[in-house]
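Q: I would like to learn how to read an interface, a nonpolar core and a few loop residues. Please take the features one at a time.

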Number of protein chains: 2
Amino acid sequence: MNLKRFFPITEWLPQYRLDTLNQDMLAAVIVTIMLIPQSLAYAMLAGLPPEVGLYASIAPLILYAVFGSSRTLAVGPVAVISLMTAVAAGQLAQQGTPEYIGAVLILTLLSGLMLTLMGLLRLGFLANFLSHPVISGFITASGIIIAASQLKHLFGVQISGHHLPELLMSLIHEIQHTNTPTLLLGLASLLFLYATRAGLQSLLVKIGLNHYLAGMLTKTAPILAVVITTWITFHYRLDLQGVAVVGQIPSGLPSLSLPSIDPGMWQQLWMGALLISLVGFVESVSVGQTLAAKRRQRIDPDQELIGLGASNLGAAISSGMPVTGGFSRSVVNFDAGAQTPAAGAFTALGIIFATLWLTPLIAYLPLATLAATIIVAVLSLVDFKAILHTYHYSGSDFSAMLATILVTLGAGVEAGIIVGVLLSILIHLYRTSRPHSAIIGRVSGTEHFRNIDRHSVETNPGIAILRVDESLYFANARYLEDRVAALVKHQSELKHLVLACQAINHIDASALESLETINERLKEADICLHFAEIKGPVMDRLNNVKFFDHINGRVFLSTFDAWKYLTH
Amino acid sequence: MNLKRFFPITEWLPQYRLDTLNQDMLAAVIVTIMLIPQSLAYAMLAGLPPEVGLYASIAPLILYAVFGSSRTLAVGPVAVISLMTAVAAGQLAQQGTPEYIGAVLILTLLSGLMLTLMGLLRLGFLANFLSHPVISGFITASGIIIAASQLKHLFGVQISGHHLPELLMSLIHEIQHTNTPTLLLGLASLLFLYATRAGLQSLLVKIGLNHYLAGMLTKTAPILAVVITTWITFHYRLDLQGVAVVGQIPSGLPSLSLPSIDPGMWQQLWMGALLISLVGFVESVSVGQTLAAKRRQRIDPDQELIGLGASNLGAAISSGMPVTGGFSRSVVNFDAGAQTPAAGAFTALGIIFATLWLTPLIAYLPLATLAATIIVAVLSLVDFKAILHTYHYSGSDFSAMLATILVTLGAGVEAGIIVGVLLSILIHLYRTSRPHSAIIGRVSGTEHFRNIDRHSVETNPGIAILRVDESLYFANARYLEDRVAALVKHQSELKHLVLACQAINHIDASALESLETINERLKEADICLHFAEIKGPVMDRLNNVKFFDHINGRVFLSTFDAWKYLTH
């Protein structure tokens with residue numbers, strides 16, 4: 001029974017029916033058509049031979065169908081993860097070498113192991129470290145870097161670099177060597193893809209197609225660009241005029257093998273693998289949850305980690321590359337009517353078919369076309385509206401976002417995400433380090449107590465009631481010490497300090513120490529420290545260490561009780 | 001007026017009176033006697049010539065008197081900071097070389113710059129990162145390492161290492177070369193120091209001395225040990241029998257010079273300098289605040305940063321080493337009646353006197369005696385009671401503490417503190433990532449709403465009221481999405497979800513995004529999202545981005561209003 005939890009397939013497979021089969025197969029056909037050019041393109045983006053992209057779209061999809069908790073997530077190579085793969089593996093080896101492919105496989109394996117382990121240990125909350133401004137800024141900056149990195153294929157020149165200044169400088173240097181046929185093919189593809197994305201769907205609806213069919217046809221436009229430009233290149237032998245093409249791809253299924261177990265390489269790649277895992281997971285979960293919600297379904301983030309982990313382990317042993325759930329592809333899968341993860345398995349069958357029989361046909365596919373599909377795909381990731389939105393909402397969140405964007409653009413993806421995460425945590429700790437607190441007094445004739453600065457309330461020079469509106473923990477424990485010290489200094493007749501604890505859900509060991517210190521200091525100054533409105537769980541914990549045995553005051557159920565007793 | 005804030009001396013100097021002068025001078029004499037052996041010993045611990053300890057007890061004390069905000073803090077070299085100095089500088093150069101001394105000066109300068117900058121930018125909250133379990137575990141582990149590192153002087157052998165396994169293995173190897181006179185002197189000093197610490201004060205009180213005088217005499221016992229063992233070593237020329245001694249110390253004041261401005265070395269030392277700054281600051285502030293509170297005074301943490309920063313800058317340009325406020329020394333200063341930081345300046349005068357005229361007398365001071373004073377001092381830092389206390393209070397805080405201790409002992413001080421800090425933050429984020437939340441229902445006949453799992457309350461299958469007892473931010477934003485998704489899945493007739501926000505003090509950009517996502521998803525599922533009891537500042541911020549324009553529900557002042565409206 002308990003094991004079943006780890007195999008979501010056991011939930012849907014027993015009830016699998018013929019009409020579900022039909023729906024899943026139709027979705028699979030559409031996703032396959034969309035996935036073929038994407039796989040090739042993202043393998044190229046990751047600096048890998050194009051067939052690796054296809055390989056990474058077989059085993060992972062089948063494994064996700066068994067272990068994944070989303071019904072409609074379509075996994076495979078995606079743009080941002082491919083860029084991160086290129087950066088991480090590029091630190092160890094040169095693109096085009098067997099060592100580079102080996103490094104990518106280790107990265108995939110590590111990422112698979114990390115995701116699976118995080119899932120088994122229920123560590124999904126680790127992804128929370130990637131706050132929204134950071135992930136959103138990171139994706140935008142990555143999109144820009146990816147687009148810039150593809151300009152080389154569009155112009156038919158050699159440029160290199162992992163961040164924007166490098167890429168642009170390199171392009172300016174090399175632009176004189178532009179290959180005109182390549183640029184023309186690339187620009188034509190770019191225009192075609194933009195035009196179809198912008199207007200094809202409404203055009204098709206206008207000429208009488210129904211909305212659904214028009215949408216599906218529009219999504220398969222990239223395959224049309226592939227077919228047309230491949231045919232042109234083949235027919236006019238543009239490859240002889242300097243147009244770079246995909247070339248001969250080995251047909252047949254990937255061989256199974258275990259990546260190298262080299263501790264030195266593992267040590268150099270673990271950070272890259274961790275970032276790839278977290279970013280991939282966050283993106284997958286957000287797509288998965290959005291789609292699940294539309295059908296009142298739900299995904300389990302910890303099981304999702306296991307699903308993605310299994311997918312990556314599958315990719316690692318079948319000559320693939322890191323995979324995760326892709327946004328546009330999952331939406332197409334959902335819209336095309338996929339009902340179960342079986343659609344993913346059928347997609348894998350489609351890719352197997354392509355790998356076995358279609359690869360000879362794409363030898364003349366220009367790299368410029370693939371670059372165009374990448375550019376169109378990633379520029380939709382660039383979200384300036386989100387940046388503006390964050391700017392209007394919160395200055396500090398915006399600063400974390402801006403830092404992420406600038407560091408990612410200027411120093412690369414790994415530095416960008418690390419700076420963003422650290423800054424988010426810093427901002428959060430700073431924000432909670434000075435919690436809202438108020439000296440409160442009694443609203444005459446009632447049992448209510450309110451901020452003395454905002455309301456006209458009863459006070460007493462010998463008594464101060466301090467209400468802190470936040471749990472007490474290491475980041476704000478010392479603030480409380482300061483607050484009390486200031487209070488004692490300024491209210492010279494003070495004899496009783498009451499801490500009103502209605503908003504305190506937790507007191508950690510640092511805050512406990514601070515409370516003990518405050519108690520000691522107040523004792524020295526002949527002031528009693530009282531407590532009121534302590535919540536049950538907080539009280540239990542304090543009683544565990546006999547905190548109140550040493551307190552120079554009393555514990556009251558309510559603030560009013562304290563007031564009555566102290567002013568009697 | 002505003003500049004005065006940065007010069008606390010302007011507060012007390014104008015009112016300086018003759019009786020204050022007397023009190024400060026008496027305290028200064030006692031602290032000087034205590035500080036001489038400590039300075040020499042901590043310089044030795046830091047791997048520096050003994051005179052450096054004296055130099056570091058001159059300029060820093062005078063500068064602290066001008067810039068420090070504590071009236072009674074006694075700054076100078078302290079044990080833990082000396083150990084951290086040895087570790088950080090040891091990564092760059094060999095002890096005993098001019099490069100090593102250069103590295104220590106850069107470390108001191110960097111630490112001074114960082115502290116001053118943090119003070120000017122009011123970044124004192126950064127010290128909050130060092131949670132109590134981490135700092136307490138770190139100090140305990142450092143004490144053990146320091147004691148172990150001093151065994152070499154006690155046995156008169158050569159051992160090396162920066163963490164416990166290294167030190168102990170090295171000692172086992174070398175113990176056969178033990179120098180017997182050294183060991184005898186060392187053990188005698190150790191016994192003497194322990195005995196005086198444990199029993200001298202009560203003995204002196206018994207034979208008729210008053211409590212205060214007995215206490216002061218006890219604190220000066222180390223100088224007695226120094227005098228006696230120096231005399232024995234000189235008289236019997238034990239140095240010729242292999243007893244290591246301090247040797248000739250250059251007499252005279254330190255020369256003033258600027259540490260080297262070498263970007264490469266700065267880059268390698270900044271992390272060490274940061275950790276030294278933070279640990280030193282935390283220790284100083286906690287001593288300073290405790291002493292200030294006894295006289296109903298207060299210290300300003302940000303000004304304290306400037307005071308410590310100035311002290312370290314002073315040490316850096318006067319051939320010194322990193323300094324901070326010492327615990328035992330400050331307590332002695334306070335107990336001896338110091339009233340103002342002038343006591344510190346007078347102590348500096350005492351050390352100048354020692355540097356000019358007493359240094360020839362300590363040429364025969366055995367290193368074993370200094371080692372004994374260090375061991376006795378640091379073993380009082382080892383606080384097993386605090387470990388047990390934390391264990392009883394909170395398992396997660398205890399795990400952070402234990403990790404800090406084990407990593408510090410096993411891998412050194414820098415790794416220990418970094419692991420501890422990261423683990424504390426992780427634990428905090430985990431703790432708040434699943435905030436307490438409850439579905440609430442109406443207590444019949446009242447306007448109160450309570451947890452439906454704990455109270456018998458009115459509910460309605462079409463309505464769910466969710467109360468979250470924590471501010472919403474990146475660590476728990478996705479939890480909220482999950483919580484709502486689960487709710488929607490299980491309450492199939494749900495039409496209205498009300499978020500009761502009385503406990504929410506802040507919503508960050510990540511949580512805003514999650515709320516928008518939840519709203520979108522609920523819209524798809526034909527469920528309205530309502531809000532109740534939003535606090536003023538939270539409301540203002542949400543209005544800034546026109547959040548409620550897109551919400552598929554209404555905003556109510558109170559939960560009861562929402563209930564009335566939805567059930568009317």
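Q: How many residues of chain A are in contact with chain B?
A: Contact means heavy atoms within 4.5 Å. By that rule, 66 residues of chain A meet 66 residues of chain B. The model is predicted: local features need pLDDT of at least 70, side-chain atom pairs count only at pLDDT 80 or more, and totals for chains, interfaces and linings use all residues. Residues are numbered from 1 along each chain as its sequence is written, chains are lettered from A and ligands numbered from 1 in the order in which they are written, and side-chain values use heavy atoms, with hydrogens and water left out.

Q: What area do chain A and chain B bury between them?
A: Buried area is the accessible area (1.4 Å probe) that two parts lose on being put together, summed over both. For chain A and chain B this is about 6100 Å², with 56% of it on carbon and sulfur atoms.

Q: Which helix supplies the largest share of the side of chain A that touches chain B?
A: Helices are DSSP runs (H or I, at least four residues), and strands are runs of E with at least two; both are numbered from the N terminus. Helices that each give at least two residues to this side include H7 (132-155), H12 (263-294) and H20 (474-490) of chain A. The largest share, 9 residues, is from H20(A).

Q: Which residues touch the most other members of the largest nonpolar core?
A: In soluble globular proteins, nonpolar side chains tend to be buried together. A nonpolar core is a set of buried Ala, Val, Leu, Ile, Met, Phe, Trp, Tyr and Cys residues joined through side-chain atoms within 4.5 Å. Buried means under 20% relative accessible area, exposed over 50%, and partly exposed in between (1.4 Å probe, protein chains only). The largest core has 227 residues, and Met84(A), Val279(A), Met84(B) and Val279(B) touch the most other members. Beyond four places in sequence, Val279(A) touches residues including Met84(A), Phe138(A) and Ile417(A).

Q: Is Leu494(B) buried or exposed?
A: Leu494(B) counts as buried because its relative accessibility is 0%. Leu494(B) sits in the loop between helix H20 (474-490) and strand S6 (496-500) of chain B. Beyond four places in sequence, its contacts include Arg296(A), Pro461(B) and Ile527(B). Pro461(B) is 33 residues from Leu494(B) in sequence, yet their C-alpha atoms are 6.2 Å apart.

Q: Where is Lys546(A) found?
A: Lys546(A) is in the loop between H22 and strand S8 (555-556) of chain A. Its phi is near 50°, a positive value in a residue other than glycine. Lys546(A) counts as exposed because its relative accessibility is 52%.
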